[in-house]
Amino acid sequence: MLRTVQATRYVLPLREGGSLPAIVEADDLGLYVAKFRGAGQGPLALVAELLAGEIARSLGLRVPEIVFIEIDAALSRNEPDYEIRHLLKASAGLNLALDYLPGSTMFDPAARDAASPAEASLTVWLDAFTQNVDRTARNANLLLWHRKLYLIDHGAALFFHHNWATMHAKAGSPFAEIEHHVLLPWASEIQSAAAQARSLLNRETFRHILDQVPGPWLDSIPSEQTPAEKRTEYVDFFLRRLESSAIFEQEAIQAHARLV
Ligand SMILES: Nc1ncnc2c1ncn2[C@@H]1O[C@H](COP(=O)(O)OP(=O)(O)O)[C@@H](O)[C@H]1O
Ligand SMILES: [Mg+2]
């Protein structure tokens, strides 16, 4: 189960991306990278961050610990920057945060960073499964920390949940965008990574992850369904995508073959 911490101090904005994440200190004296519910992408970006991040962890990939972070309305009071003050006010209550990895650097092939075939292949599989377009050479969203790879920033994964009514039609998508994946050059073992992934993911894994998604975060999905029913829809979607995984696995294997 994810822990819940209380934000005690807004430390520093991380201005790179559009979602205005920030380094925030919490009552356990830890530093976290907070993803705010009130940011432009809305609560479904936090849902994607939680779901794709925890699916990655289930596969044995490294993801910084994900926690819920409680933001008190008072936190914005001493914030001089209007935009940040506004964001904190709009995010009062529960938000998501990743453990901050101090001194980490972004994975960069141009700087001769490399990945192992097994890890690259499993990451490619994950991003094809979750249809994550945010793992390119320009924007790797992979941190190197103590020489190990950590996956971050899954807010843009599962984009199909923004089109809830037609979501299930996307379950068999080949996901041609995989050809832009930053780790594709090293992903020479997609077939065995796929077998490993399929042995680790099942209804119980998905159920356990979905059970942790706060109900109110699902309210922005335009549907008459209750949060519990929406959670079941996600579980069913993931199971269908798993059943049709050969389609996106072949696509990724072919995209890799075109590179070498
Ligand atoms: N857990 C973390 N530890 C250290 N730095 C991080 C962490 N998460 C994000 N960052 C840094 O903050 C930047 C923005 O975070 P990210 O999650 O990629 O959000 P976005 O791209 O939507 O702004 C990253 O590119 C990275 O440099
Ligand atoms: Mg990013």
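I take a salt bridge to be a side-chain nitrogen of Lys or Arg within 4 Å of a carboxyl oxygen of Asp or Glu. With that cut-off in hand I looked up Arg 62 and Glu 119, whose side chains meet in a salt bridge with an N to O distance of 2.9 Å. I note at the outset that the model is a predicted one.

**Domains and their interface**

I then asked how the chain is divided, and found that the domain assignment gives domain 1 as 4–99 and domain 2 as 113–149 + 159–259. The C-alpha centres of the two domains lie 22 Å apart. For the contact between them I noted 21 residues of domain 1 against 28 residues of domain 2.

How much area is buried between domain 1 and domain 2? I recorded about 2,100 Å², with carbon and sulfur atoms giving 81% of this area.

Turning to the polar side of the interface, I found that the rule gives 1 salt bridge across domain 1 and domain 2, and that 2 residue pairs are in polar contact there, both at pLDDT 80 or more. On the side of domain 1 that touches domain 2, I listed α1 (43–58) and β5 (93–99) as elements that each supply at least two residues. Of the elements on that side, α1 gives the most, with 12 residues. Sorted by class, this side of domain 1 holds 15 nonpolar, 3 polar and 3 charged residues.

**Salt bridges in the whole model**

I looked up the one between Arg 3 and Asp 28, in which the closest N and O atoms are 3.2 Å apart.

**Pairing of β1**

With strand β4 (residues 66–71), β1 pairs in the parallel sense over 3 bridges, and here I saw Gln 6 opposite Glu 70 in β4. With β2, β1 pairs in the antiparallel sense over 5 bridges, and the bridge partner of Tyr 10 is Val 24 in β2.

**The sheet of β6, β7 and β8**

Finally I traced an open sheet of 3 strands, which has the order β6-β7-β8 and antiparallel pairing. Which strands are at the edges of this sheet? I identified β6 (105–106) and β8 (148–151), each of which pairs on one side only. Strand β7 (residues 142–145) pairs with β8 in the antiparallel sense over 4 bridges, and I noted in particular that Trp 145 has Lys 148 of β8 as its bridge partner.

Key. Residues numbered from 1 in each chain as written. Chains lettered and ligands numbered in written order. Predicted model: local features only at pLDDT ≥ 70, side-chain atom pairs only at ≥ 80, totals over all residues. Heavy atoms only, no water. Domains from an automatic or database assignment. Contact = heavy atoms within 4.5 Å. Buried area = accessible area lost by both parts, 1.4 Å probe. Polar contact = N/O pair within 3.5 Å; in protein donor to acceptor, adjacent residues only side chain to side chain. Nonpolar A, V, L, I, M, F, W, Y, C, P; charged D, E, K, R; others polar. Pairing = 2+ DSSP bridges.
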